[in-house]
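Here is a short briefing on a single structure. Look over the sequence and the fold before reading on.

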Amino acid sequence: GYSEKTFNRAVAFLTTYADGLWESCRSELPIQKIGPGPDGSIDLFWKQPHWELLVNIPTDPKEAASFSGEDDEGHRSRGFQDTEKFNPILETWLKR
């Protein structure tokens with residue numbers, strides 16, 4: 001399982017991206033799977049026909065989320081993201 005605080009961080013992250021995508025390009029956030037990650041973290045996973053993206057929300061509120069994305073053409077992105085800020089790299093993945 002995971003804590004309520006970690007769950008709330010995941011919800012805040014999703015809300016930030018849902019709002020940000022709508023404001024920037026009138027695009028809706030694709031549906032994701034939400035599940036338990038390692039060590040009480042939460043995984044947010046998008047699997048679309050031509051790409052997939054995994055974001056891990058850690059239990060420590062001071063720790064950045066990690067992300068990893070890959071598409072059918074071999075493009076890959078990995079990195080870390082403040083859960084409270086909108087990241088243009090993740091926006092690129094999510095608005096495809």
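The largest nonpolar core of this predicted model has 18 residues. Those with the most contacts inside this core are F13, L44, W46, L53, V55, I57 and L94. Helix α1 gives the most to this core, with five residues.

**Core**

- At least two residues of this core come from each of α1, β2 (42-47), β3 (51-57), β4 (65-71) and α2.
- L44 touches A10, F13, L14, K33, I34, L53, L54, V55 and I57, leaving aside residues up to four places away in sequence.

**Strands and hairpin**

- β3 and β4 pair in the antiparallel sense, over six bridges.
- Across this pairing, E52 stands opposite E70 in β4.
- β4 also pairs with strand β5 (residues 76-81), in the antiparallel sense and over six bridges.
- S68 has R78 in β5 as its bridge partner.
- Side chains in a regular strand alternate between the two faces of the sheet.
- In β4, the covered face holds A65, F67, G69 and D71. The uncovered face of β4 holds S66, S68 and E70.
- The hairpin of β4 and β5 has four residues between the strands. In this hairpin, G74 takes a positive phi near 90 degrees.

**Salt bridges**

- How many salt bridges does a search of the whole structure find? The search finds three.
- Side chains of opposite charge can pair when their charged atoms come close.
- K47 forms a salt bridge with E52, and their closest N and O atoms are 3.0 Å apart. K47 is exposed because its relative accessible area is 56%. E52 is partly exposed, with a relative accessible area of 31%.
- R76 forms a salt bridge with E70, and their closest N and O atoms are 3.3 Å apart. R76 has a relative accessible area of 61%, so R76 is exposed. E70 is partly exposed, at 33% relative accessible area.
- K95 forms a salt bridge with E91, and their closest N and O atoms are 4.0 Å apart. K95 is partly exposed, with a relative accessible area of 42%.

**Around helix α2**

- E91 is placed in helix α2 (residues 88-94).
- Leaving aside residues up to four places away in sequence, E91 touches Y17, L21, S24 and F86.
- N87 lies in the loop between β5 and α2. N87 counts as buried because its relative accessibility is 10%.
- Which residues does N87 touch, not counting residues up to four places away in sequence? N87 touches Y17, F67 and Q81.
- N87 and Y17 are 70 residues apart along the chain. Their C-alpha atoms are separated by 8.6 Å.

**Surface patch**

- Y2, F7, V11 and I34 form a nonpolar patch on the surface. Together they have about 330 Å² of accessible area.
- V11 is found in helix α1 (residues 4-25). V11 counts as partly exposed because its relative accessibility is 37%.
- I34 belongs to this patch, and I34 is also among the residues that L44 touches.

- Most residues other than glycine have a negative phi.
- R26 has a positive phi, near 55 degrees, and is not a glycine. R26 is placed in the loop between α1 and β1 (33-36). R26 counts as exposed because its relative accessibility is 57%.
- D39 is not a glycine either, yet D39 has a positive phi of about 55 degrees. D39 is found in the loop between β1 and β2. D39 has a relative accessible area of 77%, so D39 is exposed.

Note on methods
Residues numbered from 1 in each chain as written. Predicted model: local features only at pLDDT ≥ 70, side-chain atom pairs only at ≥ 80, totals over all residues. Heavy atoms only, no water. Patch = residues over 30% accessible without salt bridge, like charges linked within 9 Å, V, L, I, M, F, W, Y side chains within 5 Å. Areas by Shrake-Rupley, 256 points an atom, 1.4 Å probe, with all protein chains shown as cover. Salt bridge = Lys/Arg side-chain N within 4 Å of Asp/Glu carboxyl O. Buried < 20%, exposed > 50% of the residue type's maximum accessible area, 1.4 Å probe, protein only. Contact = heavy atoms within 4.5 Å. Core = buried A, V, L, I, M, F, W, Y, C linked by side-chain atoms within 4.5 Å. Pairing = 2+ DSSP bridges.
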